[in-house]
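Q: I have a structure open on my screen and would like to learn how to read it. Could you walk me through some of its features?

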Amino acid sequence: MFSNWAAQLGGDERTQRAFAWPEYEEAGALLAFSTDAPTAPFEALANMYVATTRASALDPAVPAVHPQFALPLERAITHATADAAASVGDGSWLGRIALGYAADFAVLDTDPFDADPELLLVARVVRTVIDGRTVFEV
């Protein structure tokens, strides 16, 4: 999750406070999680794994970094959906499953709320719906 370059750029003290998401929430910050593509190798589900475990999605041997800053999955998903939409001015019609919102969602082959967080790294999207229409299905 963090590498030596982060400590070199920000210093050890700043790196120790990196991504203190629960504290940002408590302060009222809008957290717009994303895939960081193309600058990071993580896809959306891998980012949910990192947010909920603070462990590396690339190397299971790397221990969790600052696990006290991990978020419950439902809050991480909210930051990746409703908050991300709000951050670009689309929060009134995107980012939620609700009346009056575009019906954009993905269906996974596993329930991420009933599974171990590691399953987020192998879960697959089996259906994608955009504006109420299926655009991908296995």
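Predicted model: local features only at pLDDT ≥ 70, side-chain atom pairs only at ≥ 80, totals over all residues.

Q: What share of the residues is buried?

A: A residue counts as buried when its relative accessible area is under 20%. Of the 138 residues in this protein, 26% are buried. As for the surface, the accessible area is about 8,800 Å², and carbon and sulfur atoms contribute 56% of that.

Q: What do the contacts say about residues 24 or more positions apart?

A: Here we look at contacts with a separation of 6 or more, and residues 24 or more positions apart make up 46% of them.

Q: Now the aromatic rings. How many aromatic pairs are there?

A: For ring pairs, look at the distance between centres and the angle between planes. The count here is two aromatic pairs. One of them joins Phe-19 and Trp-21, with 5.8 Å from centre to centre and 50° between the planes, a tilted arrangement. The other brings together Trp-21 and Phe-33: the centres are 5.1 Å apart and the planes stand at 55°, so this pair is tilted as well.

Q: Which parts does the pair of Trp-21 and Phe-33 tie together?

A: Trp-21 belongs to helix H2 (residues 21–26), while Phe-33 is in the loop between H2 and helix H3 (44–53), so the pair connects parts 12 residues apart in sequence.

Q: Which charged end sits over the ring of Trp-21?

A: That is Arg-54, whose charged end lies 4.7 Å from the ring centre.

Q: And on the surface, which residues form the nonpolar patch?

A: The patch consists of Val-125, Ile-130, Val-135, Phe-136 and Val-138, which together have about 450 Å² of accessible area. Strand S2 (125–130) and strand S3 (133–137) each give two or more residues to the patch. Val-138 sits in the segment after S3.

Q: Why does Val-138 count as exposed?

A: Exposed means over 50% relative accessible area, and Val-138 has a relative accessibility of 75%, so Val-138 counts as exposed.

Terms used
Residues numbered from 1 in each chain as written. Heavy atoms only, no water. Buried < 20%, exposed > 50% of the residue type's maximum accessible area, 1.4 Å probe, protein only. Contact = heavy atoms within 4.5 Å. Areas by Shrake-Rupley, 256 points an atom, 1.4 Å probe, with all protein chains shown as cover. Phe/Tyr/Trp six-rings, centres within 6.5 Å; stacked < 30°, edge-to-face > 60°. Helix = DSSP H or I, 4+ residues; strand = E, 2+ residues; numbered from the N terminus. Lys NZ or Arg CZ within 6 Å of the ring centre and 35° of its normal. Patch = residues over 30% accessible without salt bridge, like charges linked within 9 Å, V, L, I, M, F, W, Y side chains within 5 Å. Salt bridge = Lys/Arg side-chain N within 4 Å of Asp/Glu carboxyl O.
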